[in-house]
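Welcome! Open your viewer, switch to a cartoon view, and get ready to select residues as we go.

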Amino acid sequence: MSRFKDCTCPYCENAFTENDDIVVCPDCGTPHHRGCYMDNKACKNELLHGSGFEWKSPVEKAISGFIAEEEREISVNEARWQAFKETHGKEMDEEKLQSFQKFFSFEEAKKANSESTQKRFEERAIYGVSEREIMSFQNSGNPFMIDRYRRIAIDGKIISFNIFAGFLNPFYSFYFRAYPLAILFAVFNFIFNLPSLFAYLYNMNIVTNANTIAMVEQLYSKFGNLFLILSTGLMLTICMFFNYLYLKWMTGRIKTVRARFEENNTELGTEYYMTLAKIGRPSIIRGFVDNIIASAALTFAFLFILNIMKLT
C-alpha cells in the first residue's frame, strides 16, 4: 500500500486506503480497486499500453523529474569540462588542469541519487514546508517551480520575474486562489484605473453630475500621467515579487492546515494531502468568476460612495 499512498483509483477516483483490495495492471502497473477493475474488465489506461506507458505514483513522478534534471546537469557539465580540456589541455600540465575541474561541478551533481532526492522531497526546507506539501497544494509536480521556490526561500532571491502575474492580475491570483493577494491587487488596479472608469460611467450616463465630471477632467489633466506611471509600476512590481508573495501566502496556508490536523492527532497521510490539493487546486473558471465578482463589487461600492456624497 505504501507505493499507492495519496493515489486514487482511476475509475471511481476515490483514494486508496489500507483496507482496500487493490489490483495492478500487469501491462502498465496502474492500480485499481479490484471491484472497479472487474466491473470494467480492463485497465483504465489500456489505450496507452501500445505506447509503452508505465504508471508512476505522484511521488515517483516528482522524483523522476528531479533525477532527470540532475542527469541533464551532469551531462551538460561533463560536456563543458571536455570542451575546456580540449581547448586548454595543451597549455597546462595535468595538475593545473585538474585544479580547474572544481569549476565544472558535475562530480557533486553525480552524488545526487533517488535517496537524497526523496529526503529533499520530504524535508520542510521551504519556509517550513516540504516540496511534497507544495506539490499537493498546487496539484503540480513541476520541478522548475519547486527550484524557483527553493531559491526564494533558501537563497533569499525574492525577486523572480513572472510576466503572467503582472499582466493577468488580479485574475492570476484568483486562479491560484490566493484571495488576499487577489483582493489587494484588485483594489490597487481599481484605484489606478479610476479615470478610465469615470469616462465609462459618463458615457453610459451613470454619472451625470457636471461638477463631478469637471473635477475628474481637471484631475486627469493634471495627474493622468501619474496614474499611468503608478499603474505601470504596480504591474512591474507584481511581476518581480508575485512568486515571493504567493509562496509566503501558500506556505502559511499549508502550515495552518497541517496545524489543524496535528491538533486533532490526525496522521499526515492521504487525507491531509488530499485536503491540501482541494484547498489549493487552481481553477481557470473560478478565477474568471471571482475576478468579475471583485470588479463588480468594487464598482458598486464606488457608485454607492458617489451617491452618498451626491456626486452622481
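Keep in mind that this is a predicted model. Start inside: select I134, Y149, F242, Y246, M250 and I254, which touch the most other members of the largest nonpolar core, a set of 29 residues. Now colour the elements that give two or more residues to this core: α6, α7 (143-153), α10 (179-192), α12 (210-263) and α13. Which of them gives the most? It is α12, with 10 residues.

Next, zoom in on Y246. Leaving aside residues up to four places away in sequence, Y246 touches F137, Q138, Y149, F176, A178 and L181.

Now show helix α6 (residues 131-138) together with helix α13 (residues 270-280). Their axes come within 6 Å and cross at roughly 50°, so α6 is oblique to α13. To see where they meet, display the side chains of R132, E133, S136 and F137 in α6, and of Y272, Y273, L276, A277, I279 and G280 in α13. The residues of this contact divide into 6 nonpolar, 2 polar and 2 charged.

Last stop: the cysteines. How many disulfides does a search of the whole structure find? The search finds 0. Select C36 and C9: the closest cysteine sulfur to that of C36 is in C9, 3.8 Å away, which is too far for a bond. C36 counts as buried, because its relative accessibility is 16%. Finish with C239, which counts as buried at 1% relative accessibility.

How values were computed: Residues are numbered from 1 along each chain as its sequence is written. This is a predicted model: local features need pLDDT of at least 70, side-chain atom pairs count only at pLDDT 80 or more; totals for chains, interfaces and linings use all residues. Side-chain values use heavy atoms; hydrogens and water are left out. Axes are lines fitted to C-alpha atoms, for helices over the stretch in contact, and angles run from 0 to 180 degrees between N-to-C directions. Helices (H or I, at least four residues) and strands (E, at least two) are DSSP runs, numbered from the N terminus. Angles under 35 degrees count as roughly parallel, over 145 as roughly antiparallel, 65 to 115 as roughly perpendicular and the rest as oblique. Contact means heavy atoms within 4.5 Å. Ala, Val, Leu, Ile, Met, Phe, Trp, Tyr, Cys and Pro count as nonpolar, Asp, Glu, Lys and Arg as charged, and the others, Gly among them, as polar. A disulfide is a pair of cysteine sulfur atoms within 2.5 Å. Buried means under 20% relative accessible area, exposed over 50%, partly exposed in between (1.4 Å probe, protein chains only). A nonpolar core is a set of buried Ala, Val, Leu, Ile, Met, Phe, Trp, Tyr and Cys residues joined through side-chain atoms within 4.5 Å.
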